[in-house]
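Biologist: I have a protein model open and would like to go through it with you. Could we take it piece by piece?

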Amino acid sequence: MLTLTEAASRKLDEVIAQQAGHGARVYGLRISAMAGCCSGAQYGMELAAEPAEGDWIGTFGGIKVLVDPDSAPLLEGVSIDYIETLQQSGFTITNPRAAAEREGGGCGCGSGGCGCGGH
């Protein structure tokens with residue numbers, strides 16, 4: 001399915017502990033994906049109080065990650081990391097399949113809309 005790096009797990013552990021300290025009930029991190037147009041899939045991340053029926057649940061460094069069945073195919077092979085530099089900090093999502101689809105199939109937008117060609 002997907003992977004969560006050690007850095008991302010550590011940062012999420014901090015965030016979840018902070019939210020729990022404010023009384024929030026957090027079961028884990030929900031990651032969602034929706035097929036996009038020219039820019040590829042669009043991803044969402046939010047803290048979840050509980051799993052939903054049909055969720056895939058993975059555990060990384062003690063952090064539970066939840067993925068709904070509709071998002072699962074788009075998140076196959078995705079890696080989630082947390083980077084912190086002088087210029088930026090935040091979660092990054094790397095999808096190696098998205099890069100391969102852009103290179104091999106050809107995606108484009110025009111007056112008729114957006115689309116990706118098949119292989």
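Biologist: To begin, in which helix is Ser9 found?

Modeller: Ser9 is found in helix α1. Helices (DSSP runs of H or I, at least four residues) and strands (runs of E, at least two) are numbered from the N terminus. Please note that this is a predicted model, in which local features need pLDDT of at least 70 and side-chain atom pairs count only at pLDDT 80 or more, while totals for chains, interfaces and linings use all residues. Residues are numbered from 1 along each chain as its sequence is written, and side-chain values use heavy atoms, with hydrogens and water left out.

Biologist: Is Ser9 buried or exposed?

Modeller: Ser9 counts as buried, at 6% relative accessibility. Buried means under 20% relative accessible area, exposed over 50%, and partly exposed in between, with a 1.4 Å probe and protein chains only.

Biologist: What is Ser9 in contact with?

Modeller: Leaving aside neighbours within four places in sequence, Ser9 is in contact with Leu4, Phe60, Gly61 and Ile63. Contact means heavy atoms within 4.5 Å.

Biologist: Which other residues of α1 are buried?

Modeller: Besides Ser9, the buried residues of α1 are Ala8, Leu12 and Ile16. Viewed down the axis of α1, the buried residues fall within an arc of 95 degrees, so they line one face of the helix. The arc is taken from the directions between the helix axis and the C-beta atoms. The face turned away from the buried side carries the exposed residues Glu6 and Gly21.

Biologist: How far apart are the end C-alpha atoms of α1?

Modeller: They are 23 Å apart, which agrees with the 22 Å that the 16 residues of α1 (residues 6-21) should span at 1.5 Å a residue. The expected span is 1.5 Å times one less than the number of residues. Just after α1, Gly23 takes a positive phi of about 90 degrees.

Biologist: Turning to the whole protein, how many helices and strands are there?

Modeller: There are three helices and nine strands. From the N terminus on, they run β-α-β-β-β-β-α-β-β-α-β-β. Of the 119 residues, 26% are buried.

Biologist: Which residues touch the most other members of the largest nonpolar core?

Modeller: Among its 17 residues, those are Leu2, Leu4, Ile31, Val65, Val67 and Leu75. At least two residues of this core come from each of α1, β2, β5 (63-67), α2 (72-75) and β6 (79-84). A nonpolar core is a set of buried Ala, Val, Leu, Ile, Met, Phe, Trp, Tyr and Cys residues joined through side-chain atoms within 4.5 Å. In soluble globular proteins, nonpolar side chains tend to be buried together.

Biologist: How many aromatic pairs does the structure hold?

Modeller: It holds two. Rings of Phe, Tyr and Trp (its six-membered ring) pair if their centres lie within 6.5 Å; planes under 30 degrees apart count as stacked, over 60 as edge-to-face and the rest as tilted. The rings of Trp56 and Phe60 have centres 6.5 Å apart and planes at 45 degrees, so this pair is tilted. Tyr82 and Phe91 form an edge-to-face pair, at 5.0 Å centre to centre and 65 degrees between the planes.
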